[in-house]
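Subject: Structure for your review, with findings

Dear colleague,

Please find below the sequence and the structure that I am handing over to you. My findings follow directly after them.

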Amino acid sequence: MTTDPQTLAWLDQEDSRLAQTIRAYRVAVQYVMRGEESDEPPFGYTVGLFGVGHPELVVVGVGHETACRMLNTVADLVLDGRDLLPGEVIGQEDGERMLTVEVLPNPAEVLFSANRFYQRPDEFSVPAYQLTWAHAGGVFPWDRGYPCPPECQPRPGTWRA
């Protein structure tokens with residue numbers, strides 16, 4: 001696949017920006033808004049945790065500010081030495097959200113910037129955990145009474161960028 005010079009220049013600028021952010025903060029958050037013609041939800045993910053030996057983190061179905069807050073809070077735990085485990089429940093410091101750590105089985109379909117940053121081909125994608133959030137009162141998508149439809153926060157592996 002050939003990429004035009006303008007796109008290559010833009011990618012070079014994005015690569016530089018991402019590297020500078022990771023150098024300064026140890027982790028960056030990439031946010032992808034819902035496209036006008038897409039049914040896929042918005043999502044955010046970290047880039048930088050793989051460099052410290054941990055899967056990247058993904059959160060789906062929340063706005064930009066919420067995604068950044070959630071991902072940065074949990075990424076700080078990892079950068080402070082905590083290894084997250086699938087099935088683990090994490091309480092947010094602000095008490096607003098409870099999160100469950102789940103393996104994201106299709107990271108190559110989601111982590112484009114992370115795979116580009118670490119120069120990983122799709123078949124050897126950077127691994128990731130999806131942080132599944134609970135609605136008010138600690139109700140998760142698999143619990144009775146969850147107030148959002150399934151497309152609000154798709155289950156790991158059932159959506160793609």
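In which loop does arginine 26 lie? Arginine 26 is found in the loop between α1 (5-25) and β1 (28-32). I return to this residue towards the end, after some notes on the model as a whole.

**Basis of the model**

This is a predicted model, in which local features need pLDDT of at least 70 and side-chain atom pairs count only at pLDDT 80 or more, while totals for chains, interfaces and linings use all residues. Residues are numbered from 1 along each chain as its sequence is written, and side-chain values use heavy atoms, with hydrogens and water left out.

**Overall form**

The protein has 3 helices and 6 strands; helices (H or I, at least four residues) and strands (E, at least two) are DSSP runs, numbered from the N terminus. Read from the N terminus on, the order of the elements is α-β-β-β-α-β-β-α-β. The radius of gyration is 16 Å, close to the 15 Å that the globule rule gives for 161 residues, so the protein is as compact as a globular protein of that length. For this comparison the radius is taken over C-alpha atoms, and the rule is 2.2 Å times the number of residues to the power 0.38. Along its principal axes, the C-alpha trace spans about 50 × 40 × 30 Å.

Of the 161 residues, 42% count as buried. Here, buried means under 20% relative accessible area, exposed means over 50%, and partly exposed lies in between (1.4 Å probe, protein chains only). Among contacts (heavy atoms within 4.5 Å) between residues at least 6 apart in sequence, 55% join residues at least 24 apart.

**The nonpolar cores**

In soluble globular proteins, nonpolar side chains tend to be buried together. A nonpolar core is a set of buried Ala, Val, Leu, Ile, Met, Phe, Trp, Tyr and Cys residues joined through side-chain atoms within 4.5 Å. The largest such core in this protein has 23 residues, and those with the most contacts inside it are Leu57, Leu84 and Trp133. Two or more residues each come from β3 (56-60), α2 (64-79), β5 (98-103) and β6 (128-133). The largest share, 7 residues, is given by α2. A second, separate core of 15 residues includes Leu18, Val47, Val58 and Ala128.

Which residues does leucine 57 contact, leaving aside its neighbours within four places in sequence? Among them are Gly44, Tyr45, Leu71, Leu84 and Leu131. Leucine 131 is found in strand β6 and is buried, with a relative accessible area of 0%. Leaving aside neighbours within four places in sequence, the contacts of leucine 131 include Leu57, Leu71, Val74 and Leu99.

Leaving aside neighbours within four places in sequence, valine 47 is in contact with residues including Leu18, Ile22, Ala114 and Phe117.

**Two valines in loops**

Is valine 110 buried or exposed? At 0% relative accessibility, valine 110 counts as buried; its place is in the loop between β5 and α3 (112-117). Not counting residues up to four places away in sequence, valine 110 touches Phe43, Tyr45, Val58, Leu104, Trp159 and Ala161.

Valine 52 lies in the loop between β2 and β3 and counts as partly exposed, at 48% relative accessibility. Not counting residues up to four places away in sequence, valine 52 touches Val78 and Leu79. Valine 52 and arginine 160 are 25 Å apart in space, C-alpha to C-alpha, and 108 residues apart in sequence.

**Positive phi values**

Most residues other than glycine have a negative phi. Arginine 26, however, has a positive phi of about 75° although it is not a glycine. Arginine 26 is partly exposed, with a relative accessible area of 43%. Glutamine 119 likewise has a positive phi, near 55°. Glutamine 119 lies in the loop between α3 and β6 and is exposed, with a relative accessible area of 71%.

A colleague
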